[in-house]
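Colleague: I have a few quick questions about this model. Can you put it on screen?

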Amino acid sequence: RGASGARRRHFSAHFPFPTQNTVTMAPTFESGGLAGVLLGMGNPLLDISAVVPQEFLDKYGVKLNDAILAEDKHAPMYEDMTKQFEVEYIAGGATQNSIRVAQWMLQVPFATAYMGCVGKDGFADEMKKACLADGVNANYMVDESTPTGTCGVLVNGGERSLVAALNAANNYKIDHLSQPENWKLVEDARFYYSAGFFLTVSPDSMLKVAKHSAEQGKCYMFNLSAPFLMQVPPFKTAMMEVLPYVDILFGNESEAVTFAESEGWETRDVAEIAMKISKMPKASGHRARTVVFTQGMDDTIVAKEGKIYRYPVIALAKEDLVDTNGAGDAFVGGFLSQLVTGKDIAECVRGGNYGANAIIQQSGCKCPGVPKFQWC
């Protein structure tokens with residue numbers, strides 16, 4: 001399929017793994033001024049996706065549309081999925097999904113780069129090869145003692161629940177980021193993005209990059225990602241340490257409400273919450289904070305410079321909806337593809353809506369062929 005997004009892959013544990021601990025790619029001539037413009041940092045995971053009945057969700061105590069970290073009770077779930085259902089293996093992880101969608105939309109070789117931690121195994125090798133084939137500079141830290149992280153994607157009635165076993169993804173270290181060859185990716189980039197899930201792994205790495213972004217007048221972006229990140233005190237504390245450096249904040253309506261609850265705000269109005277977050281203190285004054293909240297099939301809410309904007313999503317017939325897994329990640333990816341090329345917020349949201357609309361018509365976060373997005 002050429003330079004497209006995450007694809008269906010039936011992985012084998014017998015693929016040889018490269019001996020080096022990181023892989024970086026030189027930009028091609030075609031990359032032009034966009035080479036390495038966008039850097040993502042997050043938790044690379046192998047998505048194990050299956051359509052499951054409600055009884056299976058109940059068996060493992062998983063709620064519909066949940067996004068949680070695996071506990072001991074979930075340990076047998078992954079093998080259970082492979083035995084009971086037809087599963088798909090897809091290169092994933094929230095940030096990696098967004099970066100790959102952005103790369104797919106841009107169609108510019110190595111405009112994007114990505115960092116995270118994987119194990120020394122075939123799953124990691126396949127994720128690396130998929131990213132490089134798609135034009136993403138996958139720069140993984142390798143933990144030889146821990147397997148690559150996985151995420152159970154439980155699909156029921158077009159909705160999905162995520163149960164992530166981070167494994168090696170949980171072991172990313174700031175030492176890897178600080179190595180000169182890796183820090184050069186930070187210096188070369190002008191835009192940075194991390195999903196909130198990375199707060200559970202390496203908040204010091206996030207803060208180091210966020211501070212660099214603020215000092216250099218670049219753009220740092222962050223996603224609330226899941227309610228539990230605001231409900232668990234250590235994660236909320238880490239989030240609030242990063243927030244002053246965030247130039248663009250993403251989330252959905254349930255995450256917006258949870259943030260408001262965690263701050264003790266009375267309002268549950270998504271637009272009002274977006275406005276309040278946009279006005280929270282910033283570490284740098286080179287731009288006002290923009291807040292972007294998606295609401296499923298309802299209008300996307302944007303708070304920017306004291307004003308609220310509402311953008312309708314692309315209508316989709318119910319029979320065309322396959323899987324909402326990765327819809328939020330894809331929205332961010334489409335949004336970023338426009339942002340890094342200098343488009344205004346309206347065009348960024350249009351790109352985001354296109355990305356999300358394309359992904360929800362696939363099973364899993366897989367980008368279909370060459371994008372048909374009409375650039376303005």
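The chat below goes from the whole chain to one strand and its neighbours.

Colleague: What kind of model is this?
Modeller: It is a predicted model.

Colleague: How many helices and strands are in the chain?
Modeller: The chain has 13 helices and 14 strands.

Colleague: And how much of the chain is buried?
Modeller: Of its 376 residues, 60% count as buried. The accessible surface of the chain is about 14900 Å², and carbon and sulfur atoms make up 52% of that.

Colleague: Which residues are on which side of β10?
Modeller: Cys219, Met221 and Asn223 are on one side, with Tyr220 and Phe222 on the other, and all of them are buried. In a regular strand, side chains alternate between the two faces of the sheet.

Colleague: Which strand is joined to β10 by 5 bridges?
Modeller: That is β9, residues 191-195, and the two run parallel. The chain gets from β9 to β10 through helix α7, residues 203-216, in a right-handed β-α-β crossover. Alanine 195 has asparagine 223 of β10 as its bridge partner.

Colleague: What does asparagine 223 stand opposite in β11?
Modeller: Phenylalanine 250. Strand β11, residues 248-252, runs parallel to β10, and 3 bridges join them.

Colleague: Back to the whole chain. What share of its contacts between residues at least 6 apart in sequence joins residues at least 24 apart?
Modeller: The share is 76%.

Notes
Residues are numbered from 1 along each chain as its sequence is written. This is a predicted model: local features need pLDDT of at least 70, side-chain atom pairs count only at pLDDT 80 or more; totals for chains, interfaces and linings use all residues. Side-chain values use heavy atoms; hydrogens and water are left out. Helices (H or I, at least four residues) and strands (E, at least two) are DSSP runs, numbered from the N terminus. Buried means under 20% relative accessible area, exposed over 50%, partly exposed in between (1.4 Å probe, protein chains only). Contact means heavy atoms within 4.5 Å. Accessible areas come from the Shrake-Rupley method with a 1.4 Å probe; for residues, only the protein chains shown count as cover. Two strands pair if DSSP finds at least two bridges between them. A crossover is right-handed if, with the strands pointing away from the viewer, the path from the first strand over the helix to the second runs clockwise.
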